[in-house]
Amino acid sequence: MSVIGKTADAAPTGAREYLTFRLDQEEYGIDILKVQEIRGYEPPTRIANAPEFIKGVTNLRGTIVPIVDMRLKFNCAQADYNSFTVVIILNLRNRVVGIVVDSVSDVMELTPESIRSAPDIESAIDNSCILGLGSVGERMLILLDIEKLMSSVDMGLVTANE
């Protein structure tokens, strides 16, 4: 499937907006329409026997939200918690999930022409969860299909048939 085919429900111009964030030295982008809100990091309540990258849960206005540290999920060298660390709250298939990232950069509009297919290489991210590589000037963004990533078997947070 082409990159354009993966983003078929784009606006009439074909451009889409992505929230960009940093994990270690890399910059990623996710569909802005999946983002509910951005919050400062607060340590969540740990859940026994959860995978290391699932930091725990937090209570967000009466909704229990699982918190995934993307730095641990993507095997980043370190996962320091500082004043820039934020939690991006996502609404995926009517399920609310939070992801911890190093920092949020900005919202960028990308046209299909500025997105290239990701190379087939082994990485911590399943290649089917990468929409492509977006380029804006000197910046290179790894565009994630965050819904597919969160519904992968090892995550188990969002079921594919919901």
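## Basis of the description

The model is predicted: local features need pLDDT of at least 70, side-chain atom pairs count only at pLDDT 80 or more, and totals for chains, interfaces and linings use all residues. Residues are numbered from 1 along each chain as its sequence is written, and side-chain values use heavy atoms, with hydrogens and water left out.

## The six-stranded sheet

An open sheet of 6 strands runs in the order β8-β1-β2-β11-β10-β9, and its pairing is mixed. The edges are held by β8 (103-110) and β9 (115-116), each with a single partner strand, so one side of each has no neighbour in the sheet. Strands here are DSSP runs of E with at least two residues, helices are runs of H or I with at least four residues, and both are numbered from the N terminus. Two strands are said to pair if DSSP finds at least two bridges between them.

Strand β1 (residues 16-23) is antiparallel to β2 and joined to β2 by 6 bridges; in this pairing L19 stands opposite I30. The hairpin of β1 and β2 has 2 residues between the strands, and D24 takes a positive phi near 60° there. β1 also pairs with β8 in the antiparallel sense over 6 bridges, with E17 opposite E109. By contrast, β2 and strand β11 (residues 139-144) pair in the parallel sense over 2 bridges, and G29 stands opposite L143.

Strand β2 (residues 26-31) is mostly covered, with 5 of its 6 residues buried. Buried means under 20% relative accessible area, exposed means over 50%, and partly exposed lies in between (1.4 Å probe, protein chains only).

E27 lies in β2 and is buried, at a relative accessible area of 8%. The side chain of E27 makes a polar contact with the side chain of S105 at 3.1 Å. A polar contact is a pair of N or O atoms within 3.5 Å; within protein, one must be able to donate a hydrogen and the other to accept it, and residues adjacent in sequence count only if both atoms are side-chain atoms. E27 is also part of a network of salt bridges that links R22, E27, D106 and R139.

## The five-stranded sheet

A further open sheet has 5 strands in the order β3-β6-β7-β5-β4, with mixed pairing. β3 (35-40) and β4 (54-60) stand at its edges, each with a single partner strand, so one side of each is left without a neighbour in the sheet. Within this sheet, strand β5 (residues 63-69) and strand β7 (residues 95-101) pair in the parallel sense over 3 bridges, and V68 has I99 as its bridge partner.

## Salt bridges

The whole structure holds 10 salt bridges, a salt bridge being a side-chain nitrogen of Lys or Arg within 4 Å of a carboxyl oxygen of Asp or Glu. One of them joins the side chains of R61 and E37 (2.4 Å, N to O). R61 lies in the loop between β4 and β5 and E37 in strand β3, 24 residues apart. R61 is exposed at 63% relative accessibility, whereas E37 is buried at 18%.

R71 forms a salt bridge with D102, their closest N and O atoms being 2.8 Å apart. R71 lies in helix α2 (residues 70-73) and D102 in the loop between β7 and β8, so the pair ties together parts 31 residues apart in sequence. Both R71 and D102 are buried.
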